[in-house]
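Colleague: I've got a model open and I'd like to learn how to read it feature by feature. Can you walk me through it?

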Amino acid sequence: MFTTKKKQNGFTLIEILLVMLITSVLVLGVNTAFRQAHMLWSRAEKQRPVYQKTRLFFDTLTEELTCLYMPKNDDEQPAPFSLSKLPDGNIKLIFFTMNPAWKDTAVSNFPAKVSYEFTTNPDSGRRVLSRTEQLFSGEKAVAIEQKETILEGFSGITIQAADPDAGSLADSWKNDLQCRQSPPKAVKILLKWHRDEQTEFEFETIFKTVASGQMMPP
């Protein structure tokens, strides 16, 4: 009499353990990827207001510098374009424009004297950007100055203007520049924000000039 062994169905213990090991590795990998993606998303959401504020500042300054106005000027009057680095390290940028664009209130018939001043709040120690605007008719002011704080909390800023009388653009950047007859060749701005207590991240832009004296983004 011959007997036959029935084929056993199911998995052995070793096969089950192997599948459990592979599944655990896959789950661990997916969980790690999810945590990293969530951290990146959280960081981006946390920094989104910073990107929005910086983009608004750069876009506004671009709009105003695309209509830079250079009235006739002599040595007895303040320069129509002035970049000054103050002794305390603060920065002041003053220019005339036909398109004061911060509040979309451009007045085509009147130029505006616009001033950006970067200072430090003595109470909080935070960097502050304030903007002053005043409408002019010729050489006379026709409205009162309007001043407001438009940016606060950045960690540092550098502004340089390219001397219109210099040769090479690379050799013409100045921290202090007074332009009376023609606008600067370009304006370069580097804005820094704290990513955390130990690191910073930077935004940089350059506004280049054209032959007509208007300012155009690169």
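Predicted model: local features only at pLDDT ≥ 70, side-chain atom pairs only at ≥ 80, totals over all residues.

Colleague: Let's start with the hairpin of strand 4 and strand 5: how many residues are between the strands, and which one takes a positive phi?

Modeller: Strands here are DSSP runs of E with at least two residues, helices are runs of H or I with at least four residues, and both are numbered from the N terminus. Two strands pair if DSSP finds at least two bridges between them. In this hairpin six residues sit between the strands, and G125 has the positive phi, near 75 degrees. Strand 4 (residues 112-120) and strand 5 run antiparallel, joined by nine bridges.

Colleague: What elements does the protein have?

Modeller: One helix and 13 strands. Reading from the N terminus, the order is α-β-β-β-β-β-β-β-β-β-β-β-β-β.

Colleague: Back to strand 5, then. Which other strands does strand 5 run antiparallel to?

Modeller: Strand 7 (residues 146-152) is antiparallel to strand 5, with six bridges, and R131 has E148 as its bridge partner there. Strand 6 (residues 140-141) also joins strand 5 in the antiparallel sense, through two bridges; F136 is opposite A141 in that pair.

Colleague: Why does F136 count as buried?

Modeller: Because its relative accessibility is 9%. For contacts, the cut-off is heavy atoms within 4.5 Å. Setting aside neighbours within four places in sequence, F136 is in contact with F96, F110, P111, K113, A141 and V142. Take K113: F136 is 23 residues away from K113 in sequence, yet their C-alpha atoms are 7.0 Å apart.

Colleague: How about the nonpolar core? How many residues does the largest one have?

Modeller: A nonpolar core is a set of buried Ala, Val, Leu, Ile, Met, Phe, Trp, Tyr and Cys residues joined through side-chain atoms within 4.5 Å. The largest one has 33 residues, and those with the most contacts inside it are F57, F81, F95, Y116, F118 and I189. Helix 1 (residues 13-65) gives the most to this core, five residues. F118 touches, among others beyond four places in sequence, F57, I91, V128, L129, F154 and I157.

Colleague: Which backbone oxygens does the side chain of T97 reach?

Modeller: A polar contact is a pair of N or O atoms within 3.5 Å; within protein, one must be able to donate a hydrogen and the other to accept it, and residues adjacent in sequence count only if both atoms are side-chain atoms. The T97 side chain reaches the backbone oxygen of E64 at 2.6 Å, and a polar atom of that side chain lies 3.3 Å from the backbone oxygen of C67. T97 is found in strand 3 (residues 91-97) and counts as buried because its relative accessibility is 0%.

Colleague: Last one: why is strand 8 largely enclosed by the rest of the structure?

Modeller: Six of the seven residues of strand 8 (residues 156-162) are buried, so the rest of the structure largely encloses it. Strand 8 runs antiparallel to strand 11 (residues 186-194) over six bridges, with T158 opposite L190. Strand 8 also pairs with strand 9 (residues 173-174), antiparallel over two bridges, where A161 has K174 as its bridge partner.

How values were computed: Residues numbered from 1 in each chain as written. Heavy atoms only, no water. Buried < 20%, exposed > 50% of the residue type's maximum accessible area, 1.4 Å probe, protein only.
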